[in-house]
Amino acid sequence: MAWRSAGKALRGLFRAALLTARGPAASYGTSITSAKIQVNGVHLHYQQTGEGNHAVLLLPGMLGSGQTDFGPQLKSMNKQLFTIVAWDPRGYGQSIPPSRDFPLDFFERDAKDAVDLMQALKFKKFSLLGWSDGGITALIAAAKYPALIHKLVVWGANASVTQEDVRIYNGIRDVSKWSEKVKKPLEEMYGHKYFAKTCEAWVDGISRFAEKSDGNICQQLLPLIKCPTFIIHGGKDPLLPRSHAEYIHENIKGSQLLLMPEGKHNLHLRFAEEFNRQVEDFLV
């Protein structure tokens, strides 16, 4: 692709040689462990796998957890190169209690929780892979804690909320209208009542940003992000217009933007093999 530099191509060749030398078992050879750790007054649940020197934190979307949002990444990202951590933000997944709420600073709260979790796990520096709400959280964390963040990958993320976005969000307010495939694992995790109530609260919480004149969530922070940044956007994403990805790309100096034409909002699940390959090439 046009944005690949010669240096990146060489790193890709190095990675391919490394995988060949170590064999396919190197990618999948370690188990996934689960645990909780106290951070900022709550017990945060996380999953961890791999034994590589490069630590990577996976940040899920609305109502998400490592279990529901990142199965293909926990299973198949290279475990010799990376140590992979997937967390459940407070009020999501197995990080309950507390119940999830959405104060005006909920993204900043998640960013601090995420960074403090990785520090509690003794990672001095790490990369962030953030999807949807987790992408917003990752943008904020990369801007506010630059000394700790090695590289940043975001997809399905936005730095502002428009009235069109609010219309889209209200379209998913009623979880009874969600597809069974998407709804089932969340209902199994939360029960219908918590799932439905939290989704409605999320719609109300994120829609408040549109009440500002510029709809700002974290626009002013984007120029502060100095780490290498990779933005991915699904060409068929029904929840996030392409303009959001382009805005983030334009406002983070030196960032890379990849369009996956057939990708939807959950492109990392639907096209997991291609996604993992692109991300690993960027992280190496």
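Is Ser132 buried or exposed? Ser132 is buried, at a relative accessible area of 13%. More on this residue follows below, after a look at the whole chain.

## The chain as a whole

What you have here is a predicted model. Its chain has 284 residues, and 55% of them count as buried. The secondary structure is made up of 12 helices and 8 strands.

Take the contacts between residues with a separation of 6 or more: 76% of them join residues 24 or more positions apart. The accessible surface of the chain is about 12,600 Å², and carbon and sulfur atoms supply 54% of that area.

## Where α8 meets α9

Helix α8 covers residues 180-190 and helix α9 covers residues 192-207; their axes come within 7 Å and cross at roughly 110°. That angle makes α8 roughly perpendicular to α9, because angles of 65 to 115 degrees fall in that class.

On the α8 side, the contact is made by Lys183, Leu186, Glu187 and Tyr190, and on the α9 side by His192, Tyr194 and Phe195. Sorted by class, these are 4 nonpolar, 1 polar and 2 charged residues.

## Backbone points worth a look

Here is some background: most residues other than glycine have a negative phi, and most peptide bonds are trans. Ser132 has a positive phi of about 60° although it is not a glycine. You will find Ser132 in the loop between β5 and α6 (133-144). Lys122 also has a positive phi, about 75°, and is not a glycine either. Lys122 sits in the loop between α5 and β5 (126-131), and with a relative accessible area of 70% Lys122 is exposed.

The peptide bonds have something to show as well. Ile96 and Pro97 are joined by a cis peptide bond with omega about 0°. Another cis peptide bond, with omega about 5°, links Pro97 to Pro98. Pro97 belongs to the loop between β4 (82-88) and α5 (106-120), and Pro98 lies in the loop between β4 and α5 too.

## Cysteines and a buried glutamine

A disulfide is a covalent bond between the sulfur atoms of two cysteines. This structure holds 0 disulfides. Cys199 is buried, with a relative accessible area of 0%, and Cys227 counts as buried at 10% relative accessibility.

Gln219 is in the loop between α9 and β7 (229-234). Its relative accessible area is 15%, so Gln219 is buried. Apart from neighbours within four places in sequence, Gln219 is in contact with Ala159, Ser160, Asp214 and Tyr247.

Methods. Residues are numbered from 1 along each chain as its sequence is written. This is a predicted model: local features need pLDDT of at least 70, side-chain atom pairs count only at pLDDT 80 or more; totals for chains, interfaces and linings use all residues. Side-chain values use heavy atoms; hydrogens and water are left out. Helices (H or I, at least four residues) and strands (E, at least two) are DSSP runs, numbered from the N terminus. Buried means under 20% relative accessible area, exposed over 50%, partly exposed in between (1.4 Å probe, protein chains only). Contact means heavy atoms within 4.5 Å. Accessible areas come from the Shrake-Rupley method with a 1.4 Å probe; for residues, only the protein chains shown count as cover. Axes are lines fitted to C-alpha atoms, for helices over the stretch in contact, and angles run from 0 to 180 degrees between N-to-C directions. Angles under 35 degrees count as roughly parallel, over 145 as roughly antiparallel, 65 to 115 as roughly perpendicular and the rest as oblique. Ala, Val, Leu, Ile, Met, Phe, Trp, Tyr, Cys and Pro count as nonpolar, Asp, Glu, Lys and Arg as charged, and the others, Gly among them, as polar. A disulfide is a pair of cysteine sulfur atoms within 2.5 Å.
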